[in-house]
Amino acid sequence: MKEFTYEKVSTIEEAVSAASKNENARYLAGGTNLLDLMKLEIEKPAHIIDISRIGLDQITPTADGGLKIGALVSNTNLAADKRVRKDYGVLSRALLAGASGQLRNKATTGGNLLQRTRCPYFYDTNQACNKRNPGEGCAAIGGHTRSLGVIGTRTECLATYPSDMAVAMALLDARIETLKIDGTARSIDFKDFHQLPGETPQIETSLTPGELITSVLLPPPLEGKHYYHKVRDKASYAFALVSVAAVLQPDGSGKIAVGGIAAKPWRSEAAERLLPSGAGLVAAKLLEGASATEENKFKLKLVENTIASIITQNKA
Amino acid sequence: MKFDSPAGNNPTDKQKVIGKPVNRIEGPLKTTGRATYAYEYTETEIKPAYGYVLGAGIALGEIVKMDLEKAEKANGVLHIVTAENAGELDTGLFYADRFLAGPKVDHYHQAVAVVVAETFEQARSAAALIEVEYKKQNGSFDLEASLGSAKPLEPAPFTPPSETRRGDFEKAFEEAAVTIDQTYTTPDQSHAMMEPHATIAKWNGDKLMCWCTIQQINWGVRDLANILKIPAENIRLISAYIGGGFGGKGTVLSDLVAASLAARAIDRPVKLTLQRPLIFNNTTHRPATIQKIKLGATTEGMLTAIGHESWSGNIPGGRTEAATTSTRILYAGANRLTRLRLCELNLAEGNAMRAPGEAPGMMALEIAMDELAEKLDIDPVALRIKNDTQVDPENPEIPFSTRKLVECLEQGAEAFGWSKRNPKPGRVKDGLWLLGMGVASATRGAPITKSAARVTLERDGTILVQTDMTDLGTGSYTIIAQTAAEMMGVSLESVTVKLGDSLFPESSGSGGQWGAASATSGVYAACVKLREQVAQQLGFDIEKADFDDSKIKVGSKTYSLKKAARKGKLVAEDTMTYGDLSKEYAQDTFGAHFVEVAVHEYTKEIRVKRMLAACHAGRILNPKAARSQVIGAMTWGVGAAMMEELVVDTRLGYFVNHDLAGYEVPVHADIPSQQVILVEDEDPTMSPMKAKGIGELGLCGVAAAIANAIYNATGTRVREYPITCDKLL
C-alpha cells in the first residue's frame, strides 16, 4: 500500500470540493474493494476522502412512485428494506446473492457500482494488464479465462464486472445521480454508466474525475414475477459464472439482464421481445457478436439454460 | 517402552475418560480469543520489527539485477534480506525447495527479498519499491505435456515403490469378462488453512527462538538448523496452537527462514506472516495427477485384475503424489499392478496435503469401481463387499490387524437409505433438480511412530503433561489429557497439557494421520513410568493397583495419589517405540461414504444434499473430536469434488487463482446434514491405546462418492476433477 493522505468530510459539497483539490483522490465508503486493491497496489490513491459520514444513507419514495436510494445505503439495508423486498424483489435477491453478510454490512450502493473486475491477472501486479497499466497488454488472453467475459470484450481486455446488484438495477432501468466537481448535478441512464473496454479498458464508467455518486433512482415498481438466478460453483460467497435477473409476466413477456459475461450488466431489448418465443432465441439474440474462449464458451450455453429455467418456473 | 507384541488388558481399557465425547479442554481459550497463535505472541522484550516477503515475478530463470535503493530509503525500513547478504543456506530434509531465490529462480513467488521495517505497512509498501530485473527461462509447467519425460521413483523416505506387481496383471486383464479402462485427473490443490504461515523470530547471541506454526516441531528444529547451518541445540521453537495445517505446515517454510534471517540481520525480533496471495505459489500444494485405472472382473463381479498407474510432477528433488497407495490394499484380486511416475515441473513444490496420495488416488479408483458396478449391473455397495479381503492382497500371508470395510458399507447403507437409490441414472427428480446417490469405500493407512512425553505428578495431586506434540485444531490437547487422566486415575480437570515447545520431549508431531495414536501412546509410556514411581513412593505393588478418583486402590488398601508427591513432585519421561507388528499385520483404517446430490436440470449447478460416513479406526479416543475430524474431512471432499483447483497458467508457469476469491473452498451453504457412524473397533496391534488416526480417513473416497452421485443424478460421467457445471452442460 502506498502512503496516502486522508480526510473525513461531512457534506456532499465538501466531498466534491476535496476531490477537486486533489489529483488522484478516491472516495472511501465501505472500502470492501478499494482497501483490498490498495494493499495490492492496484489502486494507488494519493488522497482518501472518507465520505462515510455525509449522509446519503436513506431510502425515500420519489414523486413518480419509485425509490431514491442514497449512495451510502449499505447492501444489507437495501436488501432488507420492506419496499425493496415487496416491489423490487429482483434487487433484493440480487443483493443477497452477492458477497457475505459481513461484506454486505459494509458495502454501499455507490461503491457496489464501482466494484472492479475479479480477473486474476488484474489482481497480480506481475502480469500484464491494460486496466492497471494502459498499453501493457493483457495476460488473460490465452490464459485462464473461465470466469472472464464472453461478449463486448476486446483484444485489450476480457474482464467482467462482478456486481450482482447492478444486474438487477440495469433490469429495472435505474438512473444514477451524481454531483460533479464543478457543483453540477446530473442523472445517468444505467445503461450508459458502465463502459465496455473498447481501447481504453482502464475507463470503466462514465463518471468524470471526482464526480460523486449521490443516489440511485428506481422507477415505479415493475409488475410481474421477479427472478435472480446466480450460477456459481458453490452455493454462496462466490462470483457469478453467469447470473440472470428477470421480471416476467404471465404471458411470458418481460425483461432480462445478464451478469458475469461482460464489463457491464448485459441487456438487449430486441432479445427481450423474443422472451415469449423461448430461451434459445432470446439467448441467440442477446449473445449476438459474442466471442468466447475455449474455457468460457460454456457461458453461452449457461446463459440460455438459465433463462430457460426461469421461463419454465414462470410457466409453473 | 517398546511395543512389540499385541496389547493385552491395560489401564486404558477402563475407558472412564478415554472414549468419552468430552469437549475440547482448550475450547474456552479459543472461543474467547485467549489461545495464542504464532503471530500473536507479545513476549519479546523489544518491540519486534516486521518482515514482508517479496515473491519472484517469474516462474523460472535468473535475477539479473535487483535495485533496492528506493526500498532501502523508504520510511521505516531497517534491512532487506536477499540471497546476496543472507549467507549460505541449505534446504531442509523434508521439503526440497530453496527458500530464497537468487540468482536462480526455481518457481513463481519464491522469495527474492525480505523487507524489514518498523511497521508491517512500511515493510509491505517498501517491498513494492524493489525493482527486480529477471531473465526468464522456459520451463515445464504442464503435467500432461510432460508425461513423455516421466521417470520411475528413486527410493527415498516417504516414497513407496515405483512399481508393485502380483500375479500376471496383463494376462488377467486381457482375459477378463468385464473390464474398465479409464483415465482420471485430479488438479493441484491448496491446503488453504485459515491461519497463514507466520513466525516471530528472536535471537539471543547465537541462540534462536521462534514462535511459529508448524506441525512437526522436532523436524522444524532439525530443518531450520540445516538451512541456517547452526546447531540444532541453539534453536527453540514454540507452536502451541495452529490454525489449520493439513500438511502445509509440516516443517520449516519460508516464513521461518525469512524471519530468522531478518532478525539476525537487525539484531532485533522480527515478526512475519506470508500474505495470502503469496502462499499458493510460495509454499507447498498437493500435486495434480493423471491416473489410468484398469479393472478386470468375472461376470459375477469378482475382481481378477487391478491396475493403477499415476503420474504427477514436482520440482527436482520433490516427491511423488503416491496415488496408487490405496489400490494396493483395498480390494481382493489375484493379479495386480501399480505404477508411479514422476515428471519434473517448475511449479511450486508439491508435498504432503491431508491423506497425500490416498485422497487423489481414491478419487479415481472409487469412480472406476462405480463404473465397473454399472457395467456388471451389480449394486456398487455389493460389488465392494464381494471384493473385500481380510489379508493384504499384495502379501496374502499378512492379515489386516482389523478391517471392517464390510461393516462400514452395510451399516452406512442401512442408515443412509441406500436401498431407495434408483440404479438407472437421471431418473429421480424433485422440481428442477435431478437427484442422485453415490457411494465410495474409504481407506487410509494407520501409521504409528515413536513419540515421547514427560508427565509430572505435582504436589497438589494434579498432573502435568509435556510433549512437543502439536494441535492443529484436531483435539490433541484433549485426547492427551484424557489419556493421562485415565492412566493416573484423575479427573480431566486435574490434567494440564503443554504442547508445541521444542524443549519438551520429542513427539510424533501431527501428520499422516499418525498424531493421535502415536502421541497418546507416548503419554501412555510416560504414565506407566510415573505410576511405577508412585508405587515406589507409597510402597505398593503396581501390578495390583487400580488408579481411580485421585486414589490408588490396592487390595483392601487405599492410597491418596497426592501423597506420593508429598516430598516433591514426581517426574517421569518415556518414549514409546515400536517393534515389528506393523510388518506382521497390515494396519489400515476403513470406511464408507454415502452422498446424495441434487443437480439443477438446466444450469447443472451441483448441491450436496446429504452425506454420511461410516468409519472404523481403532479405538475412538474421543467420539466428539473424531466426529469433528470426519465432518471436516467430508467438507474437504466436497471442495475436492466440486470446486478446488489451483489453475496452472501453462504459459506463465504459476497458479493463477492464488487467493481465496479465486481458489474456492466450501462455505456453510455448501455443507448439508453430515452424519458420522463410528464403527466399533479396537486394534491391539497398534499400541496399548489400541487406536488409529481418523482425520485423513474421513477424506478418502468422499469426492468419488459425490462424483458417483452426480453420475447417478445426471447420467454424465465426469472423470476430471473438480466436477463443475460446465462439464455437465
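**Exercise 1. State the domain bounds of chain A and how far apart the domains lie.**

Chain A is assigned domain 1 (5-51) and domain 2 (225-315). These bounds come from an automatic or database domain assignment. Next, take the C-alpha centres: those of domain 1 of chain A and domain 2 of chain A are 35 Å apart.

Some ground rules follow. This is a predicted model, where local features need pLDDT of at least 70 and side-chain atom pairs count only at pLDDT 80 or more, while totals for chains, interfaces and linings use all residues. Residues are numbered from 1 along each chain as its sequence is written, chains are lettered from A and ligands numbered from 1 in the order in which they are written, and side-chain values use heavy atoms, without hydrogens and water.

**Exercise 2. Count the aromatic pairs, then classify Phe246(B) with Trp636(B).**

Step 1: apply the rule. Rings of Phe, Tyr and Trp (its six-membered ring) pair if their centres lie within 6.5 Å; planes under 30 degrees apart are stacked, over 60 edge-to-face, and the rest tilted. Over all chains, the count is 21 aromatic pairs.

Step 2: classify. Phe246(B) and Trp636(B) sit 4.5 Å centre to centre with 55 degrees between the planes, a tilted pair.

Step 3: place the residues. Phe246(B) is in the loop between β12 (235-238) and α6 (254-266) of chain B, and Trp636(B) is in helix α14 (residues 623-642) of chain B, so the pair ties together parts 390 residues apart in sequence. Helices (H or I, at least four residues) and strands (E, at least two) are DSSP runs, numbered from the N terminus.

Step 4: check burial. Buried means under 20% relative accessible area, exposed over 50%, partly exposed in between (1.4 Å probe, protein chains only). Phe246(B) is partly exposed at 27%. Trp636(B) is buried at 14%.

**Exercise 3. Find the charges over the rings of Tyr39(B) and Phe416(B).**

The test: NZ of Lys or CZ of Arg within 6 Å of the ring centre and within 35 degrees of the ring normal. Lys271(B) lies over the face of Tyr39(B), 4.6 Å from the ring centre. Arg610(B) lies over the face of Phe416(B), 3.9 Å from the ring centre.

**Exercise 4. Describe the largest nonpolar core.**

Such a core is a set of buried Ala, Val, Leu, Ile, Met, Phe, Trp, Tyr and Cys residues joined through side-chain atoms within 4.5 Å. The largest has 87 residues; Phe594(B) and Leu295(B) are among those with the most contacts inside it. Its largest share, eleven residues, comes from helix α8 (residues 358-376) of chain B. Beyond four places in sequence, Phe594(B) has contacts (heavy atoms within 4.5 Å) including Phe416(B) and Arg610(B).
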